[in-house]
Structures are given as C-alpha cells and as structure tokens.
Amino acid sequence: MRLILLGPPGVGKGTQASAIVKKYNIPHISTGDIFRANIKEGTELGMKAKEYMDKGLLVPDELVVSIVKDRLSKDDCKDGFLLDGFPRTIEQAEALDEELKNMGIKLDKVVNIYADKEILIERAIGRRICKKCGTAYHIKFNPPKVENVCDIDGGELFQRDDDNRETVSTRIEVYEKQTEPLIEYYKEKGIILDVDGTKPIEEVFETIVKGLE
Ligand code: AP5
Ligand code: MG
C-alpha cells in the first residue's frame with residue numbers, strides 16, 4: 001500500500017498514521033518528525049528547518065524533496081509506505097511523481113482528512129507528546145491515564161514549540177495557500193479519499209480502512 005496523508009495542522013494525520021502503518025505493516029514517513037529528530041540532534045538540516053518551523057512556515061522544497069527521495073530508496077519502502085505531511089506544495093507533488101515514475105511505482109490513495117479551523121486550533125494547542133515514544137495525546141480529547149505521563153512507556157509528555165495559538169494560525173493559513181491546491185491535483189488523478197476528521201479517532205480510522213479496501 002502506497003499512501004499519502006493530506007490534511008491541515010492538527011487534523012489527526014499523525015494519530016491516524018500510527019494505526020494505518022500498524023495495520024498495513026508499512027513505514028511511516030513524516031517529514032515533520034524527520035525535521036524534529038534533526039533539531040534534537042543539532043544537525044545542520046535541523047538548524048535550517050527550525051528557522052521556518054518556529055514561524056509556522058514551510059521548509060524550502062529543495063530541502064524536503066531530497067530527504068524524501070532518499071527515504072523512499074530504502075529497502076523497507078519496497079512494498080509500500082505512508083507519507084505524512086509530504087507533499088505540501090505542487091512543486092513537491094511533481095517531484096514525488098517524477099521519483100515514483102523513476103522507481104516504476106504508483107500511489108494507491110491520497111487520504112485527505114478535513115476539519116474546521118476552530119477544531120484544528122483546539123486540537124493542536126491541547127496536544128501533548130511522549131518524549132520517549134512520540135505518542136500524541138490530547139488534554140481533553142485523548143488524555144493519558146495519568147496527567148503528563150505516557151500510558152505506553154511512562155515517558156514525560158511535552159508540548160511542541162509550534163503548538164501555540166499564533167503559530168498554529170499561521171500554519172493553517174500556510175496550509176490553505178500552499179497545500180490545499182493539492183486536493184484538486186490528486187482529485188484529477190482520481191486517487192483522493194475524503195475523510196471527515198471531526199469524528200472520534202476510531203471512527204476516522206474505520207472510514208479510512210473502508211476507503212482503502
Ligand atoms: P508537521 O509535523 O507535519 O505538522 P502539521 O502538518 O502542522 O500537522 P500536525 O503534526 O500538527 O498535526 P497532525 O495532523 O499530525 O495531528 P495529530 O494526529 O498529532 O509539520 C511541522 C512543520 O514542519 C511544518 O509547519 C513545516 O515547517 C515543516 N514541514 C513538515 N513537512 C514539510 C514539507 N513537506 N514541506 C515543508 N515543510 C514541512 O493530532 C493533533 C491532536 O489532536 C492530538 O492531540 C490528537 O490526540 C488529537 N486528535 C487527533 N485526532 C483526533 C480526533 N479524531 N478527535 C479528537 N482529537 C483528535
Ligand atoms: Mg503530525
């Protein structure tokens with residue numbers, strides 16, 4: 001299964017990605033996670049990406065595209081993959097198309113999760129993430145059993161630097177301008193699966209699985 005998860009900030013891409021990759025046994029490729037790992041390690045790429053991420057802006061295409069091309073060439077992507085948060089511009093989508101053509105493979109579906117702006121802001125601001133395993137919780141919609149402690153490994157929870165109201169609003173605006181046109185791009189290719197992201201987590205997942213069958 002070769003999939004893209006498309007959708008605005010906070011809509012639930014990462015949450016659904018965790019369940020999808022488990023079900024289909026494919027690697028989860030999140031460009032946001034790759035950048036955050038680089039920031040943590042203090043790499044040059046991380047330092048460059050941080051400048052844009054802290055402002056809620058997109059990291060330049062040339063930086064993102066080469067990372068994804070490199071990742072797709074790895075052995076574990078041979079039988080499928082899930083791209084989460086890539087592509088985010090028409091240029092990135094075209095670069096991906098060309099790379100997939102070179103590899104002789106095609107996308108199966110682009111899962112487009114949608115929700116209203118107010119919901120997105122509330123979800124992003126209330127998100128807390130485990131420092132150890134990266135599992136995302138929500139203080140209201142998906143709280144851990146013990147406040148600030150991960151259910152899975154007892155790790156401490158933290159809030160992403162870009163999950164404040166101001167940066168989230170910028171990220172949503174950037175999404176509307178630069179990423180939303182991709183919906184039409186993939187609609188024309190006939191591979192879009194629209195999913196209502198306002199439903200509870202399990203229900204959204206069931207809708208995705210049904211749409212992929
Ligand atoms: P990235 O990390 O991809 O962030 P994003 O797209 O803004 O999306 P989020 O991760 O914030 O949200 P999500 O949809 O994964 O939601 P989640 O499942 O966690 O990118 C960050 C930055 O990196 C970008 O701003 C950019 O600078 C850079 N970048 C990354 N990729 C790039 C690219 N291709 N090109 C250029 N720059 C790039 O859920 C959110 C919260 O809601 C959680 O608390 C969760 O528990 C809760 N929740 C989830 N689903 C539900 C539900 N159904 N009901 C109730 N609560 C729910
Ligand atoms: Mg995410």
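Modeller: Before we start, helices here are DSSP runs of H or I with at least four residues, strands are DSSP runs of E with at least two, and both are numbered from the N terminus. This is a predicted model, where local features need pLDDT of at least 70 and side-chain atom pairs count only at pLDDT 80 or more, while totals for chains, interfaces and linings use all residues. Residues are numbered from 1 along each chain as its sequence is written, chains are lettered from A and ligands numbered from 1 in the order in which they are written, and side-chain values use heavy atoms, with hydrogens and water left out.

Colleague: Fine. Where is the place of Asp-162?

Modeller: Asp-162 sits in the loop that runs between strand 7 (157-158) and helix 7 (165-179).

Colleague: Is Asp-162 buried or exposed?

Modeller: Asp-162 counts as buried because its relative accessibility is 9%. Buried means under 20% relative accessible area, exposed means over 50%, and partly exposed is in between, using a 1.4 Å probe and protein chains only.

Colleague: What does Asp-162 touch?

Modeller: Leaving out residues up to four places away in sequence, Asp-162 touches Met-53, Thr-167, Val-168 and Arg-171. A contact here is a pair of heavy atoms within 4.5 Å.

Colleague: Which residue forms a salt bridge with Asp-162?

Modeller: Arg-171 does, and the closest N and O atoms of the two are 3.7 Å apart. A salt bridge needs a side-chain nitrogen of Lys or Arg within 4 Å of a carboxyl oxygen of Asp or Glu. Asp-162 and Arg-171 are both buried. Arg-171 also pairs with Asp-163, with closest N and O atoms 3.0 Å apart, and Asp-163 is buried too. Through shared partners, salt bridges join Arg-127, Arg-160, Asp-162, Asp-163 and Arg-171 into one network.

Colleague: How many salt bridges does a search of the whole structure find?

Modeller: The search finds 15 salt bridges. One of them is between the side chains of Asp-70 and Lys-74, at 3.7 Å from N to O. Asp-70 counts as partly exposed because its relative accessibility is 43%. Lys-74 is also partly exposed, because its value is 41%.

Colleague: Changing topic. Which residues are closest to ligand 1?

Modeller: The closest are Thr-15, Leu-57, Arg-88, Arg-127 and Arg-171, out of 34 residues that surround the ligand. A residue belongs to that set if one of its heavy atoms lies within 4 Å of the ligand. Arg-127 and Arg-171 are also members of the salt-bridge network.

Colleague: What about polar contacts to the nitrogen atoms of ligand 1?

Modeller: A polar contact is a pair of N or O atoms within 3.5 Å; within protein, one must be able to donate a hydrogen and the other to accept it, and residues adjacent in sequence count only if both atoms are side-chain atoms. For ligand 1, a backbone N or O atom of Val-59 lies 3.0 Å from a ligand nitrogen. An N or O atom in the side chain of Gln-92 is 2.9 Å from a nitrogen of the ligand, and a polar backbone atom of Ile-201 is 3.4 Å from one.

Colleague: How much of ligand 1 is buried by the protein?

Modeller: The protein buries 96% of the 1,000 Å² that ligand 1 exposes when taken alone. Those areas come from the Shrake-Rupley method with a 1.4 Å probe, and for residues, only the protein chains shown count as cover.

Colleague: Which elements give two or more residues to the shell around ligand 1?

Modeller: They are helix 1 (13-24), helix 2 (31-41) and strand 6 (136-138). Helix 2 gives the most, with 4 residues.

Colleague: Back to helix 7. What does Thr-179 touch?

Modeller: Thr-179, which lies in helix 7, touches Leu-6, Pro-87, Arg-88 and Val-174, not counting residues up to four places away in sequence. A polar atom of the Thr-179 side chain lies 2.7 Å from the backbone oxygen of Arg-88.

Colleague: Is Lys-177 exposed or buried?

Modeller: Lys-177, also in helix 7, is exposed because its relative accessible area is 67%. Thr-179 is buried because its value is 3%.

Colleague: Last one. How many residues has the largest nonpolar core?

Modeller: The core has 31 residues, and Leu-107 is among those with the most contacts inside it. Helix 4 gives the largest share, 6 residues. Such a core is a set of buried Ala, Val, Leu, Ile, Met, Phe, Trp, Tyr and Cys residues joined through side-chain atoms within 4.5 Å.
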